[in-house]
Amino acid sequence: MSITTIYLIGVLTSCAIYLILHRSLVKILFGFGLLGHTANLILLASSGNPNGKVAPIIDGVSNSFVDPIPQALILTAIVIGFGVTAYLTALFYHIFQTEKSSHAEDIFPI
Amino acid sequence: MTSNLIVFPIILPLITSILLILCYKRLYFRRYLSIASLFLQMYTIIVLTTQVIKENTLQVLYVGGWDAPYGIALTFDLLSGIMTGICVFLAIITLLYGFGYTPIKKEHLFKLPLFFFMIAGIQLSFITGDLFNLFVAFEILLIASFGLMSLESRSNHKKYTYPYVALNLVGSFVFLVTIAVTYRLLGTLNFADMGVRSHLLTSDPRLWVMGVMLIFVFGLKGAFFPLYYWLPKSYPILPTPTGAFYAAMLTKVGVYGMIRLFGTVLPHSLGTLHTLVLVLAIPTMLLGILSAFSKKSMRDILCFNLISHIGVIMMGLGLFTKESLTASLFYMIHHMLVIASLFLIAGLIIKMKGSDNIENIGSLWKTSPLLSGLFLIQGLSLSGLPPFSGFWPTIGLIREGLSQGSYILVFSLLASSLLTLLSMVHILFRGFWDTQSPNVQKPVPYFKPMVGVAGILVLVSLGLGLYPEPVLKLSHDATEMVLNQKAYQSQVLP
Amino acid sequence: MFHSIILYIVGRFLFVFINLAALYLLIRGHNAPGGGFIAGVTTALSFVFLTIISKSGDIKKLLIVDPIYVMITGLSIVYFLCLYPTFGFKAVLTHSQFTPLLFDVGIYMVVVGVIGSVMSAMIHNTEQLP
């Protein structure tokens, strides 16, 4: 389980970085979204191996729970990532309107 | 010691911002409201700080009644008091100045609310005692500052917000990864509890990794050496009142994080991390100021100066003795006041001459001697010449560096001081004393009280230089409080 | 933007059910998985869905109040509940019997307001986007 998470984190991070370094603004936007999800996955991985544990809801039957703190942290991180994505969308839309292009090399000429 | 007063520096700006959105039609009322709210906030901070000084203990608040290692603890010590107080003071000054700078009809509806959200984020980051809450505070102030930056900058400059946004988003990502690493390693995110547990792991290399990641995060916010190139691109696009506040406060949040991290959280025996900061300090000091000479605009020059002086603060942090930290803290206080006032003076010059390009200003000495005098004082103060406020921390840092035997550091500190002086003299010669260039515009009348507002800031920093004793003692006490980990842990953990 | 009559008719029915699900999530959040943020996102998604399937002018009629006011009302509820315990000399954000549900309602309104205002700002001429 844990090793799968690590592979997934690696794949997602590399995809996110590839997208962020792309020319098109839309792909950069997706890249930052993906980067946020990767961070959430890393936070989730910090709660340890969940094998044989249940969700942290007290039901009187099971007594081995996964650590709820990382999940609370992820929830906060998701909310913040949501706000950032909304802001980035608006910024890119404005840049597209003023520059009439969505290519980074037209917008930031060297 | 539980007191709900701690939460007021955070909640007051939040409440003010929604009130400001609600009464969007009463333009003058909004301005009075924002200033009144800032003064109220100042009052709570003064009450809290005097309480801290009188009892010589932290003020702690367990949010929601959950005890320390489990819930979020807000802690208010002397360092928080100093930082929050200066933040509110600069907010008052820059807002008052901004009211004169922008005509009331042209002020964007969401400028003031976003400014107050940003203040709430800054205050939360100074007051919180929890690593994840610090992340949340950083995000609040970042999102508000993104919004303010793209709202305030000119339409064709808005694209330069992107480097700032992108770098800070990467910083947030690394911060989240660091939080995951910390949680896995120490099992807690509370500063006091982190301190207790990291003392058991002092020889563990994973603690070192955690420290380096945190230095990266705070270094990105505070514009340390390899990570500073977003700053001179993004700050000059702001109008000067907001730019002054950004330059004075936002980088210092990162530096504050470093002081808190090294002083309160991590064990003091981690010498490798301190050496890393010292190694980064040298290029930050020198490269920042050398780049200033290639620039023509006053705000660009000031931004590069800002980077160089972050390096000076880092030097005191890396030497990590009580005296060097005191000098660093004093330097930070001095630098916040001086850089803000220099930005405000640059703004006045833009108002008068239509540009802050030093080639186009010319002979400002004749047209406005008062402004030139203010600039002269602050420019000399920035480079650390004797009667002004920059002198005392610089001399403290030099003495501490010599007694530690790190001559390269002292040399680069002196070099950066000299180069700062040169760049200030460069501005003075070209902009103030040179004969007027032909393509200059006619002086435009501006709102006279703005000079007064900038003058208040200059007077405060002049007073800091002529009578440094109280602030020196305050920063000494604050440093002692930050370094006393045992007391912090016993007061936060019940 | 494309316009399909079948999708429009079905979508109007779905709009109601999505919001019922959001209400369920909101009330359930007191003790079980769910809560203000999830419910708010669900409601906001129903609005986005309606925007996509209907003609661009129609959504204006649906927004009876400015979403900013929804956000402000939510924020006011949240701030009030945050400061409410101070009158009883308890720590800030201490919750009693019914305050968590009210807090969730506040968060719900904030989320709906934010997404609504972002949407209403971006709804104009989306045809020319890349």
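I started with a helix pair: α3(B) passes α19(B) in a left-handed crossing (left-handed if the near helix is turned anticlockwise from the far one by less than a right angle, right-handed if clockwise). Helices here are DSSP runs of H or I with at least four residues, strands are E runs of at least two, and both are numbered from the N terminus.

Housekeeping: this is a predicted model, where local features need pLDDT of at least 70 and side-chain atom pairs count only at pLDDT 80 or more, while totals for chains, interfaces and linings use all residues. Residues are numbered from 1 along each chain as its sequence is written, and chains are lettered from A and ligands numbered from 1 in the order in which they are written.

Back to the pair. I looked up the axes of α3 (residues 78–101) and α19 (residues 449–466) of chain B: they come within 9 Å and cross at roughly 160 degrees. Axes are lines fitted to C-alpha atoms, for helices over the stretch in contact, with angles from 0 to 180 degrees between N-to-C directions. That makes α3(B) roughly antiparallel to α19(B) (over 145 degrees; under 35 is roughly parallel, 65 to 115 roughly perpendicular, the rest oblique).

Next, the strands. Four bridges join β1 (residues 59–62) of chain B to β2(B), and the two run antiparallel; strands pair if DSSP finds at least two bridges. I found B:Leu61 opposite B:Leu74 in β2(B).

Last, the interface: 22 residues of chain B are in contact with 22 of chain A (C-beta atoms, placed from the backbone, within 7 Å). On the chain B side, α6(B) gives the largest share, eleven residues.

Definitions and conventions. Two residues are in contact if their C-beta atoms, placed from the backbone, lie within 7 Å.
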